[in-house]
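Subject: Structure for your review

Dear colleague,

I am passing on the structure below, followed by notes on what was found in it. Please read the notes with the coordinates open beside them.

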Amino acid sequence: MIRLSIFFSCHDNCGCSSGCNPCGGNVQRIYVNSLTGITGPTGATGATGPAGPTGPTGVTGATGITGPTGATGVTGPTGPTGVTGATGVTGPTGPTGITGPTGVTGPTGPTGATGLTGLTGVTGPTGLAASVVVGTTDTGEPGTAALVTNSGTETNAVLDFVIPRGATGSTGPAGVTGATGVTGPTGATGITGPTGPTGVTGATGPTGATGATGPEGAITPAAAVPDVEEPTPEEVGNTLNQLLASLRAAGLLQQN
């Protein structure tokens, strides 16, 4: 149901042919306020009639009192969602924020299971056998260290030995003085021969130039050997065997 509130605006000179209000004035404007109810179904559109002649514009009447606002009608069902528009251009990346403080280190996790043992690598080729040849054997001064130098290569060694001479032993006790023998007769004095002329002293030759100092040999420590005053060949051989054994023990000499 629709309730209409109609307000008339009139004037005293009624010159209209129809539609006059009871006061005799010409209806200039009609104001309609309504309470909106439930919208009914729209009826079929009728045929448009011919347009009538435009009448003269009447004097604007006074504004009527605004009627009360009608109640809001029931909200119709929501229409379907429209198609999503295209994605806009991505804006520029903002500046990187300040790095936060490092968090507390968590507890250490349990130790993982031991992995499988890897395959044994292929055995490398057998190296070449080294050869050792005894080179020179020299006697050093007493109190110096015994030396063994390799004048060959790593695989074909030539060992040169310097064995120090033993220090001179202390003087033994004096022997018992033997009995004095009988003094023999004094022989006759022989004739003194003439003194020969003194020969001319020859001129002193020039001093030769000092030779260049040879390179310093490598010093390899060896085992101590006992001091002997005059080594015999057997003692030299024993000392040599002791040096060879020390070299083998130190890994410097390979046993053939």
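**The sheet and its helix**

Strand S3 is joined to strand S5 (residues 156-164) by 8 bridges, and the two run parallel; strands here are DSSP runs of E with at least two residues, helices are runs of H or I with at least four residues, and both are numbered from the N terminus. Two strands count as paired if DSSP finds at least two bridges between them.

Residues are numbered from 1 along each chain as its sequence is written, and side-chain values use heavy atoms, with hydrogens and water left out.

On the other pairing, S4 and S5 run antiparallel and are joined by 4 bridges, with Asp160 in S5 as the bridge partner of Thr149. S4 and S5 form a hairpin that has 5 residues between them. Taken together, 3 strands form an open sheet of mixed pairing in the order S3-S5-S4. Its edge strands, each pairing on one side only, are S3 (131-140) and S4 (147-150), and the twist from one strand to the next averages 20°. Helix H1 (residues 233-249) lies across S3, S4 and S5 and runs at about 125° to S5; axes are lines fitted to C-alpha atoms, for helices over the stretch in contact, and angles run from 0 to 180 degrees between N-to-C directions.

**Core and surroundings**

The largest nonpolar core has 8 residues, namely Val148, Ala157, Leu159, Phe161, Leu240, Leu243, Leu244 and Leu247; such a core is a set of buried Ala, Val, Leu, Ile, Met, Phe, Trp, Tyr and Cys residues joined through side-chain atoms within 4.5 Å. S5 and H1 are the elements that give two or more residues to this core, and H1 gives the most, with 4 residues. Leu240 touches Val134 and Phe161, not counting residues up to four places away in sequence, where contact means heavy atoms within 4.5 Å.

Which residues does Val158 touch, leaving aside those up to four places away in sequence? They are Val133, Gly135, Thr149, Asn150, Ser151 and Gly152. Val158 has its place in strand S5 and is partly exposed, with a relative accessible area of 27%; buried means under 20%, exposed over 50% and partly exposed in between, with a 1.4 Å probe and protein chains only.

**The whole chain and its confidence**

The protein has 1 helix and 5 strands, which run β-β-β-β-β-α from the N terminus on. Buried residues make up 9% of its 256 residues.

The average pLDDT, the predictor's confidence in each residue on a scale from 0 to 100, is 77, and 77% of the residues score at least 70. Among the elements, S5 has the highest mean pLDDT (94) and strand S2 (residues 29-34) the lowest (44). The pLDDT is below 50 over residues 1-12, a stretch with 34 contacts in the model beyond near neighbours in sequence, and also over residues 16-35, a stretch with 57 such contacts. Where pLDDT is low, the predicted coordinates should not be read in detail.

With best regards

Note on methods:
This is a predicted model: local features need pLDDT of at least 70, side-chain atom pairs count only at pLDDT 80 or more; totals for chains, interfaces and linings use all residues.
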